[in-house]
Amino acid sequence: MTYRLVPTKLQENLSDGTVRCNLCLWRCRLRHGQRGFCQAHVNRDGRLYNLSYGVISAMDVGPIEDKPVLHYRPGSQVLSVGSYGCSFRCGGCHNLEISWGEEALDALARGQSKAAFAEPEQLVATAIQAGVQGIAFTYSEPAVWLEYVLDVCEAAKRAGLFTVYVSNSFVTDEALVLLAGRVDVLCSDIKSMDDAFYQRICGKARVSDILKCVQGAQDLGIHVETRTNIIPGLNDAPDNLMAIAHWIRDHLGADSPWHITRFFPAYQLSHVPATPIELLYRTQEMATEAGLTRVYVHGDKGCDCATENLPVDAYLGDPALLYAGTQCPDTCCGDDGILLKKYESTAGLAVQPPSTTSHN
Ligand code: SF4
Ligand code: SF4
């Protein structure tokens, strides 16, 4: 059992020598040795690789309702799983060490990771052993390890399990098409209808991109449920919340489930109070009056948090095997593993002057 250096599925060689990653809407253009905004993809000699294929940051077993998903296989249990890296930098993220994940991803890039690794078939076997009916990709943005997600989805389908993709929906049309027919459920955030809100957490994100992705997923036959975490002072204006409700009603349908979750202070938003419960219920009432029939309030949870999970090896088994592969198995970097430009520089190995990552 060892880490795998897997080429990313959506990459494009450009005339200026960079390679563009087309997995999410950052569409990072990377030179040799550079990693994308999510930190999970690296350019090695003109080819992009996923650093986090099979690398597990967190795992848990629980009801599908906790994702939250209420209208797909209600009463079923899912194995939730996540890796490292995210395309956003939300100030109130509760899974910071996972989603921003720089320490873990740096270690992976240096071939010194101590993170757990599971082949897709092994993950599915773990799910079956745990007695669940589905697997949910969550905790950070699944688009950043899409190659693994797709392989797990195929193995899961063969085993009769369904799959849930919990996402910020900042993915390209090309990535969405890859998910169609493989992922059964998209549980997507619609964080705000205000571009300025999105641009604070992701310089390239626009509301229209997110909405296009959510609607595109539904048009492709994926079961969609949406979620808005209401953050006092940031996205709690009634006009904003009603604009989300109206958009869901008009584009996904009056019966499309909308989950309203409570914000709890975290990280850069530690000073922001938890969402008043009455605001959650007032929003539910207004959305119901506007015609949405499935509006749910989740007052006890702000996110699909991993902080209280058991250690990964509680599910995956023998730690001696799980953590055995600390070196990149590819031969391009010899025994040094996958070296980032900055580490090449530090070690005196740089073959070209450092240049910056471009997100154009
Ligand atoms: S941030 Fe998005 S575009 Fe950039 S490398 Fe990561 S997945 Fe690819
Ligand atoms: S809240 Fe979600 S989208 Fe935002 S940084 Fe965390 S994992 Fe990423």
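Me: Which residue of β12 does I135 stand opposite?

Reply: I135 stands opposite T163 in β12. This pair comes from a predicted model, in which local features need pLDDT of at least 70, side-chain atom pairs count only at pLDDT 80 or more, and totals for chains, interfaces and linings use all residues. Residues are numbered from 1 along each chain as its sequence is written, while chains are lettered from A and ligands numbered from 1 in the order in which they are written.

Me: What is counted as a helix or a strand, and how many of each does the protein chain have?

Reply: Helices are DSSP runs of H or I with at least four residues and strands are runs of E with at least two, both numbered from the N terminus. Under this rule the protein chain has twelve helices and 16 strands.

Me: Why are β8 and β16 called edge strands?

Reply: The open sheet of eight strands has the order β8-β9-β11-β12-β13-β14-β15-β16, with mixed pairing. β8 (58-63) and β16 (295-298) each have a single partner strand, so one side of each is left without a neighbour in the sheet. Neighbouring strands of this sheet are turned by 20° against each other on average, direction ignored; the axes are lines fitted to C-alpha atoms, with angles between N-to-C directions running from 0 to 180 degrees. Further along this sheet, β14 (residues 223-230) and β15 (residues 258-262) run parallel and are joined by five bridges, and I230 stands opposite R262 in β15.

Me: Why is Y139 called buried?

Reply: A residue is buried if 20 or more other C-beta atoms lie within 10 Å of its own, exposed if 12 or fewer, and partly exposed in between, with C-beta atoms placed from the backbone. Y139 has 28 such neighbours and therefore counts as buried. Y139 is found in the loop between β11 (134-137) and α4 (146-158), and has a positive phi of about 75° although it is not a glycine.

Me: How do you know that S169 belongs in its burial class?

Reply: S169 has 28 other C-beta atoms within 10 Å, so S169 is buried. S169 lies in the loop between β12 (162-167) and α5 (173-179), and has a positive phi of about 60° although it is not a glycine. In the protein chain, buried residues make up 49% of the 360 residues.

Me: Why do the buried residues of α2 lie where they do around the axis?

Reply: The buried residues of α2 (residues 102-109) are A104, L105, L108 and A109. They cover an arc of only 135° around the axis, which puts them on the same side of α2; the arc is that of the directions from the helix axis to the C-beta atoms. What covers them includes β5 (41-44) and β7 (55-56).

Me: What makes a residue part of the shell around ligand 2, and which residues are these?

Reply: A residue is near a molecule if its C-beta atom, placed from the backbone, lies within 6 Å of it. The residues that surround ligand 2 are C86, F88, R89, C90, C93, N95, S99, S140, E141 and N168. They divide into four nonpolar, four polar and two charged, where Ala, Val, Leu, Ile, Met, Phe, Trp, Tyr, Cys and Pro count as nonpolar, Asp, Glu, Lys and Arg as charged, and the others, Gly among them, as polar.

Me: Which residues come nearest to ligand 1?

Reply: Of the 14 residues around ligand 1, C21, C24, C28, G36 and C38 come nearest. The shell around ligand 1 divides into ten nonpolar, three polar and one charged.

Conventions. Two strands pair if DSSP finds at least two bridges between them. Two residues are in contact if their C-beta atoms, placed from the backbone, lie within 7 Å.
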